[in-house]
Amino acid sequence: MASTQPRPYQPTPARKVAFLGLGVMGTPMAAHLALAGHDVTVYNRTASKAIALCAEYAGASGLKHPIKHADTPRLAAQGAELVFCCVGNDDDLRAVTLGADGAFAGMEPGGIFIDHTTASAEVARELYGAARTLGLRFIDAPVSGGQAGAQNGQLTVMCGGDAAAFAAMQSVALSFARAVTLLGASGSGQLAKMVNQICIAGLLEGLAEGVAFGQRAGLDMAQVLAVISQGAAQSWQMENRGQSMVDGKFDFGFAVDWMRKDLELVLDEAKRNGARLPVTALVDQFYADVQQLGGQRWDTSSLIKRLT
Ligand SMILES: NC(=O)c1ccc[n+]([C@@H]2O[C@H](COP(=O)([O-])OP(=O)(O)OC[C@H]3O[C@@H](n4cnc5c(N)ncnc54)[C@H](OP(=O)(O)O)[C@@H]3O)[C@@H](O)[C@H]2O)c1
């Protein structure tokens, strides 16, 4: 509970929902759904995390329904109108949706599966098709805002899929988000997340180079960042990662391994659509260097470690 900060929730009818994948992101997202009044059943591959979440919220004030846990995605999804999910990658997503114990096998016709994993647009379209065959609906809905955004319920959600399914999930997803937007047909949410990661990759390298340059020049970088963040160089990364770069702190945030997974998705998609991404491809290799330095789980701002 300590890591999830309850916030005012828009009044919305209580829905029976499931949440699959209780990682750094999924745990607070599931907690916000329960705190907003929804009837939540969770599933996690490592069951101890699901049990711990249920115990943490047992008897919590403001909770209308205790959080329950199930042993398989199928059991978690049974009777749920909406099934939310946030696992690691394409294969993990297939593992929790398809097969005899997958969520699709437990859902009733008309049910909506909402995937918050950062995955490929291809797997989104594949599962949209598989869901449709079963009379289910599928929305790809990757998120931006990081661990802090998940904890304080302020994520940005980029959605792809059908308008009616989107309309049915939007108000519920606003339990853990400040913006939930439909950007087009199935796969569009994942494509928008790729744009997000392309924009971040080059910017972070620029910020790392600026900070490393200033340090070599003998400047007080805390002061410099405070000044230039009031001008045209301002960015979310500068505001949230500038000082921790100066301090050499990277044991938090969005892991380099995840960023490399995301950039692989981006570069694969670019091969298909012909987009030219020279800077993104270069920064991807810089992240490979950071992994070699032992930084697999460091925050993505650790690009500066190559320069200092
Ligand atoms: N962390 C961030 O700042 C951030 C920001 C935006 C987007 N994202 C994206 O959100 C997704 C989740 O990130 P995270 O940081 O929450 O990751 P995480 O902490 O590593 O959690 C991953 C979750 O997926 C589950 N999982 C993995 N493989 C599975 C499988 N084959 N079957 C069933 N469950 C499986 C894990 O279960 P176990 O507990 O059993 O391992 C865990 O619950 C990723 O796609 C990531 O790129 C992350």
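How much area do domain 1 and domain 2 bury between them? The structure is a predicted model, in which local features need pLDDT of at least 70 and side-chain atom pairs count only at pLDDT 80 or more, while totals for chains, interfaces and linings use all residues. Residues are numbered from 1 along each chain as its sequence is written, and side-chain values use heavy atoms, with hydrogens and water left out.

The protein is assigned domain 1 (16-184) and domain 2 (191-306), with bounds taken from an automatic or database domain assignment. Their C-alpha centres are 29 Å apart. Across the interface, 15 residues of domain 1 are in contact (heavy atoms within 4.5 Å) with twelve residues of domain 2. Between them the two domains bury about 1,000 Å², of which 61% is on carbon and sulfur atoms; buried area is the accessible area (1.4 Å probe) that two parts lose on being put together, summed over both.

The ligand lies between the domains, because both domain 1 and domain 2 give residues to the shell around the ligand. This shell holds 25 residues, the closest being Asn44, Thr46, Lys49, Gly88 and Lys261; a residue is counted if one of its heavy atoms lies within 4 Å of the ligand. By class, the shell comprises ten nonpolar, nine polar and six charged residues, with Gly counted as polar and Asp, Glu, Lys and Arg as charged.

Polar backbone atoms of Gly23 and Val87 each lie 3.3 Å from an oxygen atom of the ligand. For Trp258, a polar side-chain atom is 3.4 Å from a ligand oxygen atom. The protein covers 88% of the 900 Å² of accessible area that the ligand has on its own, as computed by the Shrake-Rupley method with a 1.4 Å probe.

Definitions and conventions:
A polar contact is a pair of N or O atoms within 3.5 Å; within protein, one must be able to donate a hydrogen and the other to accept it, and residues adjacent in sequence count only if both atoms are side-chain atoms.
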